[in-house]
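This report describes the strand arrangement, the nonpolar cores and selected loop residues of one protein model. The sequence and structure are shown first.

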Amino acid sequence: SAQRLETLSHVDTVVLDKTGTVTNGAPEVTDVHEIGKDFIHLAASLEYVSEHPLSLAIVEYAKRKQIDYTSPVEHFTATPGMGISGIVDGKTIAAGNRRYMDALGVSFDGKFDAAAEDGKTVLYFSCDNAPLGVICCADEVKADSAAAIAKLQSEGIEVVMLTGDNEKTAKAI
């Protein structure tokens with residue numbers, strides 16, 4: 001708004017969080033690539049204990065497909081900027097970005113990386129250190145984001161978008 005722009009008149013740089021600031025903050029599942037057995041059940045059960053917006057999208061997807069997502073999760077761990085892991089139904093399930101899977105030694109052979117170029121967030125899932133599946137999510141850019149960013153730039157303010165997504169997804173947004 002105009003009032004907010006006036007308060008920024010002494011600022012050189014503004015950093016915007018992508019999710020919920022530039023985008024609507026309500027990602028939805030767009031693509032599911034199942035590799036292993038019980039993929040959505042295991043993935044949604046793990047994601048159910050996380051509060052991340054992408055986790056909520058995956059749980060909503062499981063609900064719509066009427067797939068159980070209520071298996072207890074033991075030893076839940078979140079690694080900021082990378083992913084999450086835990087034990088579901090006696091299996092070690094991990095979910096996260098490509099770097100997280102690489103760190104775990106799980107290879108997806110770059111097969112799903114192209115989805116990031118379309119602005120989608122690609123989430124990789126493994127089960128006991130083997131590929132389990134991939135879920136792509138997308139979050140729509142807010143209708144007024146481009147105009148707001150253009151206005152800030154016209155005022156001489158550098159605008160930087162902060163995101164945990166990879167560079168290809170960030171560039172697409």
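## Strand β4 and its hairpins

In the hairpin of β3 and β4, three residues lie between the strands, and Gly81 among the residues of this hairpin takes a positive phi near 75°. The model is predicted: local features require pLDDT of at least 70, side-chain atom pairs count only at pLDDT 80 or more, and totals for chains, interfaces and linings use all residues. Residues are numbered from 1 along each chain as its sequence is written, and side-chain values use heavy atoms, with hydrogens and water left out. Strands (E, at least two residues) and helices (H or I, at least four) are DSSP runs numbered from the N terminus; two strands pair if DSSP finds at least two bridges between them.

Strand β3 (residues 73-79) runs antiparallel to β4 and is joined to it by five bridges. Between β4 and strand β5 (residues 91-96) there are six bridges, again in the antiparallel sense. These two strands form a hairpin with two residues between them, and Asp89 in the turn has a positive phi of about 50°.

| Residue | Bridge partner | Strand of the partner |
|---|---|---|
| Glu74 | Ile87 | β4 |
| Gly83 | Gly96 | β5 |
| Ile84 | Ala95 | β5 |

Five of the six residues of β4 (residues 83-88) are buried, so this strand is largely enclosed by the rest of the structure. Here buried means under 20% relative accessible area, exposed over 50%, and partly exposed in between (1.4 Å probe, protein chains only).

## The sheet and its cores

Six strands form an open, antiparallel sheet in the order β2-β7-β6-β5-β4-β3. Strands β2 and β3 stand at the edges with a single partner strand each, so one side of each has no neighbour in the sheet. From one strand to the next the twist averages 15°. Helix α4 packs on the sheet and touches β2, β6 and β7, its direction making about 70° with that of β2. Axes are lines fitted to C-alpha atoms, for helices over the stretch in contact, and angles run from 0 to 180 degrees between N-to-C directions.

A nonpolar core is a set of buried Ala, Val, Leu, Ile, Met, Phe, Trp, Tyr and Cys residues joined through side-chain atoms within 4.5 Å. The largest such core has 25 residues, with Phe125 and Ile135 making the most contacts inside it. At least two residues of this core come from each of α3, α4, β4, β5, β6 (121-127) and β7 (130-138). Another core, of eleven residues, lies apart from it and includes Ala94, Phe112, Tyr124 and Cys136.

## Loop residues

Asn97, in the loop between β5 and α5 (98-104), counts as buried at 16% relative accessibility. The side chain of Asn97 reaches the backbone oxygen of Gly81 at 2.8 Å, and a polar atom of that side chain lies 3.2 Å from the backbone nitrogen of Arg99.

Asp38, in the loop between β2 (28-34) and α3 (39-48), has a positive phi near 60° and is partly exposed at 42% relative accessibility. Gln66, in the loop between α4 (53-64) and β3, has a positive phi near 55° and is exposed, with a relative accessible area of 75%. Most residues other than glycine have a negative phi.

Key:
Contact means heavy atoms within 4.5 Å. A polar contact is a pair of N or O atoms within 3.5 Å; within protein, one must be able to donate a hydrogen and the other to accept it, and residues adjacent in sequence count only if both atoms are side-chain atoms.
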